[in-house]
Amino acid sequence: MKVSETGSKASSKASSKASSKTRNEKYQTYNAHIKVNKLNASKEKKNASALYYEESRNNACANENLRGQEENKKAVSKILEQLSSDKKEHTLIKQISSVVDFLNKNKSLVLPKEDKEKSTKKIEGKESVRTDLEKNKSLVKVNINNDERNKRTVFVGNLPLRNMRPSKLLKILNVKKSTVEAVRFRSQPIDEKYVNKKKLGVILKKFTDAKDNMNALITLKNKEDVHMLLEKSGTVYEGYVIRITKLGDENFFNRKKSVCIKNLHKKLNERDLYEVMKEIDEIKGIRILRDEKTSCSTGVCFVLFKNRSSVKKAIEMFNGKEINDRKVIVQRVLDHKEKYKAEGEHTIVKIKCI
């Protein structure tokens with residue numbers, strides 16, 4: 001009896017241990033399954049959140065691009081409106097530069113291709129219009145500046161060609177250098193080889209013997225000093241009677257105090273005529289008409305005297321006389337409105353001085 005009871009107790013213990021072991025294994029397996037499920041669920045959740053985050057970020061970028069496109073459109077339309085208005089030049093330039101800076105900072109915000117092409121064409125069109133306006137404004141400014149400068153400029157004629165410099169001319173006319181803005185020499189008899197390179201011809205002094213004088217333009221700093229310089233007209237320097245007029249003034253030779261001399265020898269110059277006529281009266285101006293291209297004499301000359309009575313005296317002394325083996329014709333200068341005389345000693349000549 002005792003042995004059988006002991007065996008049954010041992011078998012019951014062994015079976016209980018086996019059953020508990022089985023339960024533990026099942027429990028562990030169950031826990032393992034739960035953990036795996038939890039891990040899979042967390043992974044799916046993470047993937048879902050990542051997808052959601054990526055989708056939201058893409059949506060945000062798309063919205064940002066749309067906003068940028070709208071801002072670009074607004075900026076371009078604004079500058080186009082401003083370009084169409086008549087605002088000052090510096091304001092337009094600032095506005096354009098601000099738009100350019102804005103676009104440079106937002107290079108990633110690209111306009112759609114069609115809108116970009118349209119806006120580019122509009123901007124190019126407005127730029128061309130603005131360029132034309134700028135050119136017109138610059139031309140107006142240049143004309144205004146030229147008009148103001150011309151009022152301060154005088155014409156100086158019959159200056160010696162040789163050894164004449166701006167400083168020497170101012171000294172001859174007794175003009176202070178501080179009152180002068182510029183001195184420019186004109187009408188030099190340049191050699192034909194340097195017709196298209198006049199500056200080089202002047203520098204190299206490639207002059208012809210067609211004449212021995214030239215002209216100049218003197219621009220003063222103040223318009224009030226012009227009258228002072230005009231009073232120097234008639235100054236004689238080494239036989240050259242210097243005439244000074246306002247720029248563009250064609251009425252220097254008073255017809256009632258002037259004579260016209262024709263058929264002159266073409267080698268005669270203004271200084272030669274001064275030596276011939278200076279005994280008649282004080283001479284205020286001498287001008288030989290010359291060919292514009294060659295500077296050669298046309299054989300016609302005008303002489304302006306100080307007094308009106310000297311005209312008759314000059315005609316009596318020199319009309320029909322020979323100068324350098326040529327008979328010259330000395331005439332009075334009459335108003336162009338008067339009729340030409342069919343016969344008589346004198347004919348009408350109209351003066352037009354440049």
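Me: What makes strand 2 and strand 3 a pair?
Reply: Two strands pair if DSSP finds at least two bridges between them. Strand 2 (residues 180-186) and strand 3 share 6 bridges, in the antiparallel sense. One of the contacts joins arginine 186 to its bridge partner in strand 3, asparagine 215. Strands here are DSSP runs of E, at least two residues long, and helices are runs of H or I, at least four, all numbered from the N terminus. This is a predicted model: local features need pLDDT of at least 70, side-chain atom pairs count only at pLDDT 80 or more, and totals for chains, interfaces and linings use all residues. Residues are numbered from 1 along each chain as its sequence is written, and side-chain values use heavy atoms, with hydrogens and water left out.

Me: How do you know that strand 1 and strand 3 pair?
Reply: Strand 1 (residues 153-160) and strand 3 are joined by 6 bridges, again antiparallel. Valine 156 has alanine 216 as its bridge partner in strand 3. Valine 154 stands opposite isoleucine 218.

Me: Why is strand 3 called largely enclosed?
Reply: Buried means under 20% relative accessible area, exposed over 50%, and partly exposed in between (1.4 Å probe, protein chains only). In strand 3 (residues 213-220), 8 of the 8 residues are buried, so the rest of the structure largely encloses the strand. Asn213, Asn215, Leu217 and Thr219 point one way; Met214, Ala216, Ile218 and Leu220 point the other. In a regular strand the side chains alternate between the two faces of the sheet.

Me: What makes strand 2 and strand 4 edge strands?
Reply: The open sheet has 5 strands in the order 2-3-1-5-4, with antiparallel pairing. Strand 2 and strand 4 (235-237) each have a single partner strand, so one side of each lacks a neighbour in the sheet.

Me: Why is leucine 204 called partly exposed?
Reply: Its relative accessibility is 43%, so leucine 204 counts as partly exposed. Leucine 204 lies in helix 5 (residues 198-204).

Me: Which label does each of them get, exposed or partly exposed?
Reply: Asparagine 324 has 44% relative accessibility, so it counts as partly exposed. Aspartate 325 has a relative accessible area of 72%, so it is exposed.
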